[in-house]
Amino acid sequence: MRIGKETMKANSINAATRAFRVVGLPGDGIGPEVYAAARRVLGVLERRFDLEIRLDEQLIGGAAIDATGDPLPQETIDACNDADAALLGAVGGPKWDGNPAEQRPELGLLRIRAEFNLFCNLRPIVTHPALHSFSPIRPERLQNVDLMIVRELTGGSYFGKKWRNDDEAEDVCRYTRAEVQRVTRAAGRIAQQRDKCITLVDKANVLETSRLWRAVAHRVIEDEFPDVQIENLYVDAAAMHLLTRPADFDVILTENLFGDILSDEASMLCGSLGLLPSASLNDERFGLYEPVHGSAPDIAGQGKANPYAMLLSLAMMLRYSLDCADEAGALESCIHSCWADGILTTDLHPDGFTTSEVTDRVCERLAVTAEQ
Ligand code: NAD
């Protein structure tokens with residue numbers, strides 16, 4: 001037996017059982033497939049670390065529309081009100097594409113963000129040497145890429161007034177000072193734990209909302225985070241710089257729509273959209289954790305879904321809502337060791353493993369780590 005710092009740490013973790021309530025939201029398409037992977041890994045984590053996670057599975061998205069007519073049933077909201085966190089697969093799919101606006105699966109997601117005030121969406125983009133060859137970007141540009149996209153999640157054109165007739169349509173992009181202040185404070189706190197540099201991405205040469213963002217965000221950082229630097233970048237230039245000099249970024253702070261687009265683009269630095277996790281947070285403990293990807297109807301039901309984005313989202317949940325940083329670290333190390341050994345799905349490798357085979361490997365390694 002090894003007696004050292006690591007052993008002592010593990011013993012102290014095992015000393016007390018901690019219990020948490022998590023709402024599971026499998027959703028649609030590959031959502032239930034990656035959610036099933038997370039549920040299995042959670043089972044291993046519970047045994048490994050003496051955690052007790054009470055999973056309360058609820059409906060959202062297309063599955064909820066089919067069962068209840070509502071993409072976010074009241075029962076789901078009530079369950080989240082009683083929980084520490086929610087873990088979501090993905091929503092949407094062609095079956096519901098022709099539905100009227102209030103009967104769209106994606107509305108369930110927008111409503112849960114608004115209902116719980118989940119204004120701060122964290123999307124970490126970290127490249128791993130074992131995956132450099134799967135990115136379309138040159139490997140030398142992928143060295144030391146470790147950036148955090150902080151996307152505002154409950155404002156802007158996704159939530160503004162909307163209307164359409166046969167000839168015209170409008171999606172109003174509106175932001176208030178208070179909305180910009182609170183997400184900038186979140187970005188400032190995150191930057192303080194990193195390299196202390198925020199890049200504010202906007203379109204201030206054209207948009208009034210961007211000019212408000214610049215004025216308010218600079219004021220907050222200068223007044224409240226004097227140790228943090230803030231620089232500006234137009235979104236069109238940012239789209240280019242993300243691919244040409246990704247290692248130069250630390251924290252990217254941006255509004256809802258720009259953050260949505262830039263993070264899918266940034267997934268190509270890592271190799272696949274199936275690798276990117278996210279956390280959606282408010283000012284309290286509750287958070288919603290989900291992969292950045294959607295329901296991928298083109299591969300649903302085929303065992304091809306990459307579960308790593310979901311498993312990394314689970315790690316974020318452990319860290320941010322359950323205060324289980326050691327457990328999160330153990331899961332992340334296990335995932336990285338799987339990547340190093342080529343345990344990948346077919347989005348990355350033509351002879352790749354299935355979703356459940358990857359999950360088996362992660363569970364086996366996590367369980368073995370427990371015995372060491
Ligand atoms: P998508 O993210 O579902 O898929 C884009 C591409 O990436 C597809 O080729 C898909 O096969 C691939 N992909 C995505 N996740 C993968 C994974 N884990 N493993 C392997 N390959 C993966 O985006 P889309 O096709 O534009 O949208 C499909 C549906 O998902 C739509 O209904 C959309 O509204 C919805 N959507 C939901 C969310 C969400 O639930 N948070 C996010 C984005 C899109």
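Modeller: Two strands pair if DSSP finds at least two bridges between them, and the elements themselves are DSSP runs numbered from the N terminus, helices being H or I with at least four residues and strands E with at least two. This is a predicted model, in which local features need pLDDT of at least 70 and side-chain atom pairs count only at pLDDT 80 or more, while totals for chains, interfaces and linings use all residues. Residues are numbered from 1 along each chain as its sequence is written, and side-chain values use heavy atoms, with hydrogens and water left out.

Biologist: Which strands stand at the edges of the open sheet?

Modeller: The sheet is formed by 10 strands with mixed pairing, in the order β2-β1-β3-β12-β11-β4-β5-β10-β8-β9. An edge strand has a single partner, so one side of it is left without a neighbour in the sheet. That describes the two strands β2 (51-57) and β9 (229-234).

Biologist: By how much are neighbouring strands of this sheet turned against each other on average?

Modeller: Axes are lines fitted to C-alpha atoms, for helices over the stretch in contact, and angles between N-to-C directions run from 0 to 180 degrees. For neighbouring strands of this sheet, with direction ignored, the average turn is 25°.

Biologist: What is the bridge partner of Val-126 in β5?

Modeller: Strand β4 runs antiparallel to β5 (residues 146-152), and seven bridges join them. On its other pairing, with β11, β4 is again antiparallel, with three bridges, and there Leu-122 has Ala-279 as its partner. In β5, the residue bridged to Val-126 is Asp-146.

Biologist: How many residues of β4 are buried?

Modeller: A residue is called buried under 20% relative accessible area, exposed over 50% and partly exposed in between, with a 1.4 Å probe and protein chains only. By that scale β4 is mostly covered, and of its seven residues the buried number is six.

Biologist: Is the pair of Tyr-175 and Trp-213 tilted or edge-to-face?

Modeller: Both Tyr-175 and Trp-213 are buried. Their ring centres are 5.3 Å apart and their planes stand at 85°, so the pair is edge-to-face.

Biologist: Are α11 and α12 roughly parallel or roughly antiparallel?

Modeller: Angles under 35 degrees count as roughly parallel, over 145 as roughly antiparallel, 65 to 115 as roughly perpendicular and the rest as oblique. The axes of α11 (residues 308-320) and α12 (residues 325-340) come within 7 Å and cross at roughly 160°. That makes the two helices roughly antiparallel.

Biologist: At what angle do α7 and α8 pack?

Modeller: The axes of α7 and α8 are 9 Å apart, and the helices are oblique to each other. Their angle is about 45°.

Biologist: How far apart in space are Gln-143 and Ala-247, C-alpha to C-alpha?

Modeller: Gln-143 sits in the loop between α6 (139-142) and β5, and at 42% relative accessibility it counts as partly exposed. Gln-143 and Ala-247 are 104 residues apart in sequence, yet their C-alpha distance is 6.9 Å.

Biologist: What value is phi of Asp-323 near?

Modeller: Most residues other than glycine have a negative phi. Asp-323, in the loop between α11 and α12, is exposed with a relative accessible area of 56%. Its phi is positive, near 55°.

Terms used. Phe/Tyr/Trp six-rings, centres within 6.5 Å; stacked < 30°, edge-to-face > 60°.
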